[in-house]
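Dear colleague,

Please find the structure below, handed over for your own work. My findings follow directly after it.

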Amino acid sequence: MKFCVTTPIYYINGEPHIGHAYASIAADILARFRRLDGSEVHFSTGTDEHGIKVARSAETASMDVHKFSDLMSQGFRDLGKLINLSQDDFIRTTEERHILSSQKLWRLMADDIYKGSYSGWYSARDEEYVSEEDVVDGKAPSGAPVEWMEEESYFFRLSAYQDKLLELYEKNPDFIAPVSRRNEVISFVKGGLKDLSISRSKFDWGIPIPNAPGHVMYVWIDALANYITSLGFPENTHRVSEMMANCVHVVGKEILRFHAVYWPAFLMSAGLTLPKRIFAHGWWTSEGQKMSKSIGNVVDPQKTIEKYGLDSVRYFLFREIRFGEDGDFSEKALQQRISYDLANDLGNLVQRVLAFIQKIGGLRVNYDFTDAEMPLFEDSRNLVEKLRILVDKQDLHGALIEIWKLVSASNKFVNDMRPWELAREDDNRLNLVLTALCESLRAIAFGIAPFMPDTARKIFDFMNVEGKSFKEIEANFSDQVFPSPFLLFPRE
RNA sequence: CGCGGGGUAGAGCAGUCUGGUAGCUCAUCAGGCUCAUAACCUGAAGGUCGGAGGUUCAAAUCCUCCCCCCGCAACCA
């Protein structure tokens, strides 16, 4: 099985914040799950570095634009390290391989590209076109005066793809997720598609268009192409095709249209394989308010992770809200999740079971389960299959809930079975109960492994489990003494 | 009449398609247990289901009207 997952490539015109971390961790969880499940995975992330805004920011910072890009891109690479990203490739749109790839894509789309002229209200001060509705009294929203401009531009015949796109959405109901977003896109496309201006000639910080001096590509062509560059385009066409067919693009809802409309149209035009799914995630507010620099409530991934721990934050982001919806990031909510879900439920379960086994001198297995242990055992062995279905739908929130059902069931099982009494009265039953609990702990550890790799690793080590593949769940435990467990989420 | 989603316990949500005693998580209160990170388990309280009208033996659920909130509405990464 092949699986490909991507994060958006991040525009380097700003510092990494929790939103970037969120998208990246989502993709990381999907990648890790599929690796544990035995798939061949390609997981790419990277930075988008061209465009007028970057050129201008470099100027403002009095830096050479290449140097500026190196610096800003590194910030996102560092973020990846911070959040334990398991990417297979970090791509920069300024790399040679990507320039060649984008130009090749352009050539393949040539039949749908024509030269025309682009006209609109242009703000010289902002160096950008302003849409009709935004022009008030001859002024841009920034207050700068606008003038009617016309320039030579290349256009992509997007209008020719309206029906094909609608057919795509119709035939592949899961192409765009979540459903609410899908409806928005369909309604947008049904509203009629205009041809797209795909070149710029007012600045040169972009990928040169083949045989068109003075023109660089519209950043979105360049940005979207990163996904196939990373897969080896244009050389390795077989792999590109194979992987794209199994590719999930995780994107922010603000860039859904580019991925769900333009990108498939470009690929159709170039005769390339379309991705399997575009998944649009929501946005985080901070303490109930929109994150903004002026309010000063922007959540800094670095500080948050330093304070609360990486796995706790990774858990929180996907447990607190359904993936795809908006949510609120508050320290109180984060602290509660850590305390209740992680320390009290999961951490305490691991501790009470493993410390107990340690106390009685090790695990002596007994798999001749009775009706008392069987349900827990079966739930443990069936967990991955349930998660597979959910993760396939990118329902990461649902997956965590499913795992926590087993955590709760296990805690209840301990209460009901009272192993501390069995230790005095009934060795046979004690072994049955502890064997069933080891099974559930191992299943839980595998379940959380994509979400909280470090925490899962600790549990695996506590139990002498390798932790490399879901297949390990199928093997029975043997009699053994485990290493001493320590607290997974200690209180301050 | 631009398109779409939503308004259900203090908070966040499920239930609406296929009408029939209103459910989940957290918070609150009480009890149980004591292996464990003062953790865990059980039970209780709490809602005129945005408003009005209608259909029906019966409406959160179907119909009509109204109020409120939120997305999308192209060159913005």
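Across the interface of domain 1 and domain 2, five residue pairs are in polar contact, with both partners at pLDDT 80 or more. Please note that this is a predicted model. On the side of domain 1 that touches domain 2, the elements giving two or more residues are helix 1 (18-36) and strand 12 (277-281). Helix 1 gives the most to that side, namely seven residues. Sorted by class, the side of domain 1 that touches domain 2 consists of seven nonpolar, one polar and four charged residues.

The charged part of this interface can be stated briefly. Two salt bridges are counted between domain 1 and domain 2. A salt bridge links Asp392 and Arg34, whose closest N and O atoms are 3.6 Å apart.

As for the domains themselves, chain A is divided into domain 1, covering 2-282, and domain 2, covering 331-474. Twelve residues from domain 1 and 18 residues from domain 2 take part in the contact. The C-alpha centres of domain 1 and domain 2 are 42 Å apart. Between them the two domains bury about 1400 Å², and 66% of this lies on carbon and sulfur atoms.

Glu184 and Arg181 form a salt bridge through their side chains, at 3.1 Å from N to O. Why are Glu184 and Arg181 separated by about one helical turn? The reason is that they stand three residues apart in helix 6 (residues 179-190), so about one helical turn separates them.

- Ala177 and Pro178 are joined by a cis peptide bond, with omega about -10°. Pro178 belongs to the loop between strand 7 (176-177) and helix 6.
- Pro234 is found in the loop between helix 7 (219-230) and helix 8 (237-244).
- Arg418 is not a glycine, yet its phi is positive, at about 50°. The location of Arg418 is the loop between helix 14 (396-417) and helix 15 (419-425).

Finally, a word on confidence. Chain A has a mean pLDDT of 92, and 99% of its residues reach 70 or more. For the complex, the predictor gives an ipTM of 0.90 and a pTM of 0.95. Where pLDDT is low, the predicted coordinates should not be read in detail.

With kind regards

Notes: Residues are numbered from 1 along each chain as its sequence is written. Chains are lettered from A and ligands numbered from 1 in the order in which they are written. Side-chain values use heavy atoms; hydrogens and water are left out. Domain bounds come from an automatic or database domain assignment. Contact means heavy atoms within 4.5 Å. Buried area is the accessible area (1.4 Å probe) that two parts lose on being put together, summed over both. A salt bridge is a side-chain nitrogen of Lys or Arg within 4 Å of a carboxyl oxygen of Asp or Glu. A polar contact is a pair of N or O atoms within 3.5 Å; within protein, one must be able to donate a hydrogen and the other to accept it, and residues adjacent in sequence count only if both atoms are side-chain atoms. Helices (H or I, at least four residues) and strands (E, at least two) are DSSP runs, numbered from the N terminus. Ala, Val, Leu, Ile, Met, Phe, Trp, Tyr, Cys and Pro count as nonpolar, Asp, Glu, Lys and Arg as charged, and the others, Gly among them, as polar. pLDDT is the predictor's confidence in each residue, from 0 to 100.
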